[in-house]
Amino acid sequence: MASELLLFYLFAAVAVVASALVVGQRNPMHSVLLLIVSFAALAAVYLLLDAPFAAVIQIIIYAGAIMVLFLFVVMLLNAGREAVQAGTKVAAGARAAGGVLAAVLGVELVWAVAEARRVTGAVPLDVDPAVVERLTSVRAIGQKLFTEYAFAFEVTSILILVSMVGAVVLAKRRGEP
Amino acid sequence: MPTLTHYLALSAVLFAIGIAGVFLRRNLITVLLSIEVMLNAANLSLVAFGRFLGTVEGQILLFFVVTVAAAEAAVGLALVITLVRHRGSLDPDAYATLKW
């Protein structure tokens, strides 16, 4: 199906461009808003992967909850623009080296993936309707999550509790009750 | 129909963009955002492999990663608020001492 490939390229391009702009942006507010665009495009890619549960989680938790938290902090700190403090100049060489390293990592990863494809040939995804049905069903995910992975799920709730208490303790002004 | 390679290549590119953000940005909030980009790249490969293997485990792992990302964002942003209260700067290089 060529249309699916076309959709993939469209959403992949949106995700990559939005993510690159997040990084290339000086204003944190714009970065946060662009990251929401990137997350929405990724949610569409999840839909192409027959994972509606993942797409909905991506929108509700990432684009909804986490990004609102970021926006709130950006507004709270009034972080309008990136201010480089005097006296903390970083060596330009160090930044250039970081950029080069990141580019090398990207090329390396893409090369590894392409090489794996060259060795094994193109691996089409399973299109068996029964498999697709199981993958798209939230019921199957819930059953696995609350039986096989019940312990991990409970540990997650403790993690959330700890991070909640930690965030409150850290953000509290000293001396306040 | 896109193959597994397409999704993995997209994931690799997104991860590299996130790494570049952590290396290049001089703003604590943007650094945290870049970490979110990297987590998303990892999520994409998890879901892609889950789809490839025909299991829902990829999506279950994504669920856990999203939970950890939420916890990380909450604690990370609380740390940023505390740091800015102490020094009034969002530049990570302003925090070069352990104690002040």
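Start with A:Asp50, which sits in the loop between α2 (28-48) and α3 (52-77) of chain A. Helices here are DSSP runs of H or I with at least four residues, strands are runs of E with at least two, and both are numbered from the N terminus. The phi angle of A:Asp50 is near 60°, a positive value in a residue that is not glycine.

Before going on, the conventions. This is a predicted model, where local features need pLDDT of at least 70 and side-chain atom pairs count only at pLDDT 80 or more, while totals for chains, interfaces and linings use all residues. Residues are numbered from 1 along each chain as its sequence is written, chains are lettered from A and ligands numbered from 1 in the order in which they are written, and side-chain values use heavy atoms, with hydrogens and water left out.

Which side chain does A:Asp50 meet in a salt bridge? The partner is B:Arg51, at 2.9 Å from N to O; a salt bridge is a side-chain nitrogen of Lys or Arg within 4 Å of a carboxyl oxygen of Asp or Glu. That pair crosses between chains, from helix α2 of chain B to the loop in chain A. Over all chains the search finds 4 salt bridges, and the count between chain A and chain B is 2. A:Lys144 also forms one with B:Glu57, with the closest N and O atoms 3.3 Å apart.

Now the interface. Contact, meaning heavy atoms within 4.5 Å, takes in 86 residues from chain A and 72 residues from chain B. The buried area, which is the accessible area (1.4 Å probe) that two parts lose on being put together, summed over both, is about 7,300 Å² between these chains, and carbon and sulfur atoms give 74% of that. On the chain A side, A:Val23, A:Phe70 and A:Leu125 lose the most area to chain B, together 9% of what that side buries.
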